[in-house]
Amino acid sequence: MENEDNIEQEKQELPPVQKIDWKFFFTSKWVVKNIPFFFFLALLAVVYIYNGHYADKISRKISESEKHIKELEYEYKTIKSEVIFRSKASELEKAVAPLGLKEEVSPPMRLDTMQNPQTP
């Protein structure tokens, strides 16, 4: 019971909260004095918006580049497999057959260039 009485007495002893008159702070003189700061805040807002748009644009370009790289990678793998397939001996024979070329079955002949008939 005594605690309740003490609490009520403390509440009564506190001074009333004073209301702050905001109109006092926002006079025309104060506004004119702080115009450079308002311009600075406006500039920061414009830079912040530009930075957001620029980041979106860069992320879209990165995404497009990644897609293009994947397409080029698939194309590279396809062409590489075709080259490996066409470079097999059996495929080479088929490719040069219309030209009349055939695989040589006899071993190549060795030419000796050291024999010269006019040696002293």
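**Aromatic and charged pairs**

Author: Tyr50 is exposed, with a relative accessible area of 55%; the term exposed applies over 50%, buried under 20% and partly exposed in between, with a 1.4 Å probe and protein chains only. The model is a predicted one, in which local features need pLDDT of at least 70, side-chain atom pairs count only at pLDDT 80 or more, and totals for chains, interfaces and linings use all residues. Residues are numbered from 1 along each chain as its sequence is written, and side-chain values use heavy atoms, with hydrogens and water left out.

Tyr54 has a relative accessibility of 41% and therefore counts as partly exposed. Tyr50 and Tyr54 both belong to helix H4, where a spacing of four residues separates them by about one helical turn. Helix H4 itself covers residues 35-86; helices (H or I, at least four residues) and strands (E, at least two) are DSSP runs, numbered from the N terminus.

The whole structure contains two aromatic pairs. One of them joins Trp30 to Phe38, whose rings lie edge-to-face with 6.1 Å between centres and 70 degrees between planes. Trp30 is partly exposed at 33% relative accessibility, and Phe38 is likewise partly exposed, with a relative accessible area of 36%. The rings of Tyr50 and Tyr54 have centres 6.0 Å apart and planes at 20 degrees, so this pair is stacked. The criterion requires the ring centres of Phe, Tyr and Trp (its six-membered ring) to lie within 6.5 Å; planes under 30 degrees apart are stacked, those over 60 are edge-to-face, and the rest are tilted.

The charged residues come next. Two salt bridges are found in a search of the whole structure, the term meaning a side-chain nitrogen of Lys or Arg within 4 Å of a carboxyl oxygen of Asp or Glu. In helix H4, Lys77 and Glu73 are four residues apart, which places about one helical turn between them. Their closest N and O atoms are 3.5 Å apart, and the two residues form a salt bridge. Lys77 is partly exposed, its relative accessible area being 49%; Glu73 is also partly exposed, at 37%.

The other salt bridge links Lys94 with Glu91, at 3.6 Å from N to O. Glu91 is located in helix H5, residues 89-96, and Lys94 lies three residues from Glu91 in helix H5, a separation of about one helical turn. Lys94 is exposed, with 59% relative accessible area, whereas Glu91 is buried, its relative accessible area being 18%. Leaving aside residues up to four places away in sequence, Glu91 touches Phe85 and Arg86, where a contact means heavy atoms within 4.5 Å.

The whole protein gives these details their setting. Its secondary structure consists of five helices and zero strands, and the order along the sequence is α-α-α-α-α. Of its 120 residues, 2% count as buried, and Glu91 is counted as buried because its relative accessibility is 18%. The protein exposes about 12900 Å², of which carbon and sulfur atoms supply 62%; accessible areas come from the Shrake-Rupley method with a 1.4 Å probe, and for residues only the protein chains shown count as cover.
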